[in-house]
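Welcome! Have a look at the sequence and the 3D structure, then take the tasks one at a time.

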Amino acid sequence: MDTASFKRMCRLLDFTRRNYISREWDSICAGKPIAKLSSRHVYYLTLIRFQLPCNLNTIMQITGLSSSAASTFVEKMVQSKVFLRVLDPEDRRNVRILASKEITEIFREMDRRLDALIDRLTADCTEEEFHALDVAGQLVCRKIQLTKEWLDAQINQEK
């Protein structure tokens with residue numbers, strides 16, 4: 001079976017997503033201090049956002065940063081008012097990292113704009129095309145979830 005078109009789709013989605021995030025971040029954050037974050041920091045935020053609240057270990061696993069680099073990143077995000085640090089009530093040795101209200105609103109606006117873009121792109125789709133997109137989307141999501149579970153198992157084996 002030839003998976004070339006699927007591989008191409010994955011690469012195009014990643015490329016388009018990164019460009020979209022960069023452009024929309026600049027637009028949404030224009031004039032705000034948070035706009036000064038580097039593209040690498042914005043990239044890390046997009047990776048981390050769905051895992052928040054979390055701890056430093058989770059940030060290290062998601063970003064691939066070392067302990068000191070992840071700690072420096074979190075500190076910069078706290079100073080930029082992107083993250084908040086709170087003690088975990090169940091384990092006082094553990095510090096939970098939460099998204100600030102501002103970053104939550106920024107990502108909510110980015111998602112709203114992305115939804116509007118997708119709606120515009122699919123406005124002229126036929127019922128058959130919508131069905132094909134739905135089936136393909138379900139398949140890709142299932143495969144991604146299986147990959148995530150496999151990667152999580154690999155990380156747990158290394159511990």
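**Exercise 1.** Find the salt bridge that Arg 113 forms, and work out where its two partners sit.

*Solution.* Start with the pair: Arg 113 forms a salt bridge with Glu 109, and their closest N and O atoms are 2.8 Å apart. A salt bridge here is a side-chain nitrogen of Lys or Arg within 4 Å of a carboxyl oxygen of Asp or Glu. Helices (H or I, at least four residues) and strands (E, at least two) are DSSP runs, numbered from the N terminus. Finally, check accessibility: Arg 113 is partly exposed at 25% relative accessible area, and Glu 109 is partly exposed at 22%. Buried means under 20% relative accessible area, exposed over 50%, and partly exposed in between (1.4 Å probe, protein chains only).

A note before you go on: this is a predicted model, in which local features need pLDDT of at least 70, side-chain atom pairs count only at pLDDT 80 or more, and totals for chains, interfaces and linings use all residues. Residues are numbered from 1 along each chain as its sequence is written, and side-chain values use heavy atoms, leaving out hydrogens and water.

**Exercise 2.** Which residues are linked with Arg 113 in a network of salt bridges?

*Solution.* The network links Arg 23, Glu 24, Glu 109, Arg 112 and Arg 113. Within it, look at the side chains of Glu 24 and Arg 23, which meet in a salt bridge at 3.7 Å, N to O. Glu 24 is buried, with a relative accessible area of 12%, whereas Arg 23 is partly exposed at 48%. To finish, note the total: the structure holds 9 salt bridges.

**Exercise 3.** Describe how H2 and H4 pack.

*Solution.* Two packed helices are described by the angle between their axes and the distance between the axes. For H2 and H4, the angle is about 95 degrees and the axes are 12 Å apart. Axes are lines fitted to C-alpha atoms, for helices over the stretch in contact, and angles run from 0 to 180 degrees between N-to-C directions. H2 is therefore roughly perpendicular to H4, since angles under 35 degrees count as roughly parallel, over 145 as roughly antiparallel, 65 to 115 as roughly perpendicular and the rest as oblique. Now list the contact: H2 gives His 41, Tyr 44, Leu 45 and Ile 48, while H4 gives Phe 73, Lys 76 and Met 77. Contact means heavy atoms within 4.5 Å.

**Exercise 4.** Is Thr 46 buried or exposed, and which residues does Thr 46 touch?

*Solution.* First, locate Thr 46 in helix H2. With a relative accessible area of 12%, Thr 46 is buried. Not counting residues up to four places away in sequence, Thr 46 touches Arg 17, Ile 21 and Phe 107. Then widen the view: the cover over the buried residues of H2 includes helix H1 (4–29), H3, H4, E1 and helix H5 (101–121).

**Exercise 5.** Which two residues does a cis peptide bond join, and where is Pro 53 found?

*Solution.* The cis peptide bond joins Leu 52 and Pro 53, with omega about -5 degrees. Pro 53 is found in the loop between helix H2 (39–48) and helix H3 (56–63).
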